[in-house]
Every structure is written in C-alpha cells, then in structure tokens.
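Here are my notes for you on this one. Have a look at the picture first, then read through the points in order.

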Amino acid sequence: MKFNSKYKPFFNMVHKHRAVRETTSHIRYVILIGGRGSGKSFALAKWVNSATFCRYNVLFTRFTMTSAETSVIPEFRNMCETVGNDSDFIFRRTQVENRCKGTIIDYKGLKPNSNNSTGALKSIANKNVFILEEAEDCHNFELFDKVDNSIRMKGKHNIIVLCLNQGHKNHWIYQEFIKEQRDDTLIIESTYLDNLKHLDQSFINKAEKLKERNLKRYNHVFLNEWQSDTDGAIWRQSDISAFRITVEDFEQDIKRNLTEIIIAYDPAVTDYEKSERERQEARSQAKEPDEDGIMVMGKDRRGHIYLWS
C-alpha cells in the first residue's frame, strides 16, 4: 500500500527495522493537518495498525467519543481488511487487541463527564502512544496537557499524534506547535490534491465549484489555510473558545433554564458601504464580498447570555 511521500517520516516511526525507527526518536509530537478528502485519517489508521506490531500500546481519543464500536473501530477494521491483516486483531466494544503482539488500542473520549471525572486518564497505564483525532474540537489545552504529561514510559519512544482539520490561529494547537518551529515536532500537511486518485469525481467537482464561488472558504476547508479574526469583528475566536460550552452541557442544564431566545439578521454592512468600483476591484482580485449572517442568542434565568454558532 502506497501513501503520499509526505507521510514517509511518519511511517518511519513504526518501520519494521529498528534502525529506521531510531532516526525519528527525537520526535515526540506529530501534527497531521489535512483538509476534506486529504486521506489523513486513513493514513493514521494504517500507522496505528503498524504501531501495534512494533509493540506500541495506543490511547486513541477524540474530545468526545460516545460510540467507538459504531464509528472509529469499524473504520479501523475496514482498513485492516484492506491491508489483509484483520485476522491478527480482536475487535471489542471500546478496544482492539493485536493477538500476535498482545498490544492494545483503547478508544476513549478525552472530555470528562459526570460519570467519569478523569476522562481518558483512566486508560493511560502502559500507553506510549496518545492520539487525539479531530483535535480542532478540543479547545482545552490543560486537558490535553494532562494526558500528554502522562505519556512517559521509560525505554519507549513516546509519541503524541494530533490529527485535525485546519482551524483558527487562536487555537492552542496553532500557538503551541505551528506558530514557531519545534525540534521535537513533525508537521505533515496534506490536501485533497494529494489524494485525487482515491476521490470520487463529484467530490472533486464540489471542491472546484467552491473555489470559483468562495476562494477564502475553499482555502480554509480544502487547502489548510488557518483562519484569523476579521478586523472589527464583534465576536473574536479567542473569546468564543474561552467561553465555549458543549452541546451536552446545553442539553442537560442550560436549555431548560432559557427565558428568552432572539434571532437577529446580521447584514454585511461593510460590503454595502463599498462603491460599485470597489466591489468590482474586489471581484477582480478573487476577493469574496462580506457575507450576511443570522445570530441566535438566548438568556437564562440567571441572566447569562448565550450565542449559538
């Protein structure tokens, strides 16, 4: 099975020859960044498959993971079937075991809940690989850092993998790992353009249409462009991240205490204020006009204000 050459340093970490693996021993963090259709998730699944044969025990997480047996484990099993070694694994509800090496992959949600105050930390014993998939959904650096600090097996290559779609420059992943180069970090960026032979033509057409219609969104969704706050924006991403609540928290506590819900139209005033010449100049430079929006806000009995995104 061949992967894009971008992934070679990543797969060297789980190469069958120890000498090759040792060339990557200085790397603790791997950041896999890929837009839609980039193939990063399949590459990660194949890497995990290989890691278990190198006697690596893996903690595989998402920020929230409520049904691993119907989501990530079937995806991993399909990849194993493609490779042809699915018979080497035992697939359980929240765990996969390599029957040849005795190594384990535990699937857990990183976010603590009312029944589990420690989240993924309960499954961290004897793990030397920590994977956070869909890492852009985790806005809590302290939560990640707590698990990161627990991956410290002596005599093993301890590896932390963050797999994500591109996000916002205020996100801790960008601030910690992308903004400045680090000697202990391997960053691999891929796009759908690296994976065309495995994509349906209708998906490619959809991406190209978005490129024609909204270049800024195309660059973000498909080409890994990190977003930044717009000058004069009312809601900054740093504020949103700092005060973000989960859907679960909203459903369990906040929803029943709401006393008011307001839906408001948010016009693109800055675009309306432009002259026709300025609009034509923006179009000639492939700049998209400002977009209209809808704001949904609520107020609860305690006087707290909520903004839906």
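1. Before anything else, a word on the source. This is a predicted model, where local features need pLDDT of at least 70, side-chain atom pairs count only at pLDDT 80 or more, and totals for chains, interfaces and linings use all residues. Residues are numbered from 1 along each chain as its sequence is written, and side-chain values use heavy atoms, with hydrogens and water left out.

2. Now the overall picture. The chain has 12 helices and 11 strands (DSSP runs numbered from the N terminus: helices are H or I with at least four residues, strands are E with at least two). Of its 309 residues, 41% are buried (buried means under 20% relative accessible area, exposed over 50%, partly exposed in between, with a 1.4 Å probe and protein chains only).

3. On to the eight-stranded sheet. It is open, has mixed pairing, and its strands come in the order S3-S4-S5-S2-S6-S7-S1-S8 (two strands pair if DSSP finds at least two bridges between them). At the edges sit S3 (89-91) and S8 (185-190), each pairing on one side only. Neighbouring strands are turned by 15° against each other on average, direction ignored (axes are lines fitted to C-alpha atoms, for helices over the stretch in contact, and angles run from 0 to 180 degrees between N-to-C directions).

4. Which strand is joined to S8 by six bridges? That is S1 (residues 29-34), and the two run parallel. Within this pair, Val30 stands opposite Leu186 in S8.

5. H4 (residues 72-83) touches S2, S3, S4, S5 and S6, and its direction makes about 155° with that of S3 (contact means heavy atoms within 4.5 Å). H5 (residues 141-148) touches S1, S2, S6 and S7, with about 155° between its direction and that of S6.

6. S10 (residues 293-300) and S11 (residues 305-308) pair in the antiparallel sense over four bridges, and Lys299 has Ile305 in S11 as its bridge partner. Four residues lie between the two strands, and Gly303 in the turn has a positive phi of about 85°.

7. Next, the salt bridges. The whole structure has nine of them (a side-chain nitrogen of Lys or Arg within 4 Å of a carboxyl oxygen of Asp or Glu). As background, side chains of opposite charge can pair when their charged atoms come close.

8. One of them joins Asp148 and Arg28, with the closest N and O atoms 2.7 Å apart. It links distant parts of the chain: Asp148 is in H5, while Arg28 is in the loop between H2 (18-22) and S1, 120 residues apart. Is Asp148 buried or exposed? Asp148 counts as buried because its relative accessible area is 3%, whereas Arg28, at 22%, is partly exposed.

9. Another salt bridge ties Glu133 to Arg62 (2.9 Å, N to O). Glu133 is in S6 and Arg62 in S2, 71 residues apart. Both Glu133 and Arg62 are buried, and together with Glu134 they are linked in a network of salt bridges.

10. Last, back to the hairpin region. Asp300 forms a salt bridge with Arg302, the closest N and O atoms being 3.0 Å apart. Asp300 is buried, with a relative accessible area of 2%, but Arg302 is partly exposed at 46%.
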